[in-house]
Amino acid sequence: MERTFVMVKPDGFRRGLVGEIVSRLERKGLTLREARVLTLTRELAEEHYREHRDKKFFGELVDFITSGPVFASVWEGPDSVAVARRVIGSTNPAEAAPGTIRGDFGLTVDSNIVHGSDSPASAEREIGLFFG
Ligand code: CMP
C-alpha cells in the first residue's frame, strides 16, 4: 500500500486547521499511520526542501516553515500520493479549486497551509526525515 507524507504548515497549525485537514483526508478514505507535532530546525527544513535550494524564495521558505509548530503525518492508501495532492489542491491557493484545502483556506503561495509529497520516492524520503 502506498504511503505519503502530509505536513500542516505553521500557518495552518496557527489557524487551527489540523482537525479539518485530518478529517478531509480521513473522509476521502486515506488511513493515518503516524503523526507528530514539532517545530522544524533550519537543518531539517533545508533538507526537506533541498530541491528548492537554488530558488530565490528558498530563504523565505525556510524562515516560514521554521516559524512555529507543524503537524507532520504519514498516510496510507491506494495511490495515496496523488490522492492527497488532489485533496490539498494546487500549490498556489489563489488558483486552487474550491473544495480543495488550499482552495478553501489559502490565498498566497508562500503560506499555503499544507505540504503533500509530490511522488512516492519523495514520500519515502520525507517520511524518513521526519519519522526515522
Ligand atoms: P510545498 O508544496 O510545501 O513545496 C514547496 C513550497 O515552496 C510550496 O509548497 C510553496 O509554499 C513554496 N513556494 C512556491 N513558490 C513560492 C514563491 N514564489 N514564494 C514563496 N514560496 C513559494
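His48 sits in helix α3, which covers residues 42-48; helices here are DSSP runs of H or I with at least four residues, strands are runs of E with at least two, and both are numbered from the N terminus. This is a predicted model, in which local features need pLDDT of at least 70 and side-chain atom pairs count only at pLDDT 80 or more, while totals for chains, interfaces and linings use all residues. Residues are numbered from 1 along each chain as its sequence is written, and side-chain values use heavy atoms, leaving out hydrogens and water.

Is His48 buried or exposed? With a relative accessible area of 1%, His48 is buried; that word means under 20% relative accessible area, exposed means over 50%, and partly exposed lies in between, using a 1.4 Å probe and protein chains only. Setting aside neighbours within four places in sequence, His48 is in contact with Phe5, Met7, His115, Arg125, Glu126, Leu129 and Phe130, where contact means heavy atoms within 4.5 Å.

One of those partners, His115, deserves a stop of its own. A UniProt record, from an unreviewed entry, places the feature "active site" at His115; UniProt positions are given in the numbering used here, feature names are shortened, and annotations may be inferred rather than shown by experiment. His115 belongs to strand β4, residues 114-116, and counts as buried because its relative accessibility is 11%. Beyond its neighbours within four places in sequence, His115 is in contact with Phe5, Val6, Met7, Lys9, His48, Tyr49, Ile88, Arg102 and Glu126.

Ile113 lies in the loop between α6 (101-105) and β4. Ile113 has a positive phi of about 75° although it is not a glycine, and its relative accessible area of 0% makes it buried. Most residues other than glycine have a negative phi. Asp79 is another non-glycine residue with a positive phi, here of about 55°. Asp79 is found in the loop between β3 and α5 (80-88), and with a relative accessible area of 45% it is partly exposed.

Now move to strand β3, residues 70-76, where you will find Val74. Val74 counts as buried, at 1% relative accessibility. Apart from residues up to four places away in sequence, Val74 touches Arg3, Thr4, Thr31, Leu32, Arg33, Glu34, Ile127 and Phe131. Val74 and Pro120 are 46 residues apart in sequence, and their C-alpha atoms are 12 Å apart in space.

Strand β3 also holds Glu76. Leaving out neighbours within four places in sequence, the contacts of Glu76 are with Met1, Glu2, Arg3, Leu30, Thr31 and Arg33. From Glu76 to Phe130 there are 54 residues in sequence and 16 Å in space, C-alpha to C-alpha.

What does Phe64 touch? Not counting residues up to four places away in sequence, Phe64 touches Lys9, Pro10, Asp11, Arg14, Asp110 and Ser111. Phe64 is part of helix α4, residues 58-65, and is buried, with a relative accessible area of 15%. Phe64 and Arg33 are 31 residues apart in sequence and 26 Å apart in space, C-alpha to C-alpha.

Time to zoom out. The chain has seven helices and four strands, and along the sequence they follow the pattern β-α-α-β-α-α-β-α-α-β-α. UniProt, again in an unreviewed entry, places the feature "domain: Nucleoside diphosphate kinase-like" at residues 1-132. That span is 43% helix and 18% strand, and its end C-alpha atoms lie 19 Å apart.

For overall size, a compact globule of 132 residues would have a radius of gyration near 14 Å, and the chain agrees, with 14 Å; the radius is taken over C-alpha atoms, and the globule rule is 2.2 Å times the number of residues to the power 0.38. Along the principal axes, the C-alpha atoms fill a box of roughly 35 × 35 × 25 Å. Of the 132 residues, 48% count as buried. Among contacts with a separation of 6 or more, 76% come from residues 24 or more positions apart.
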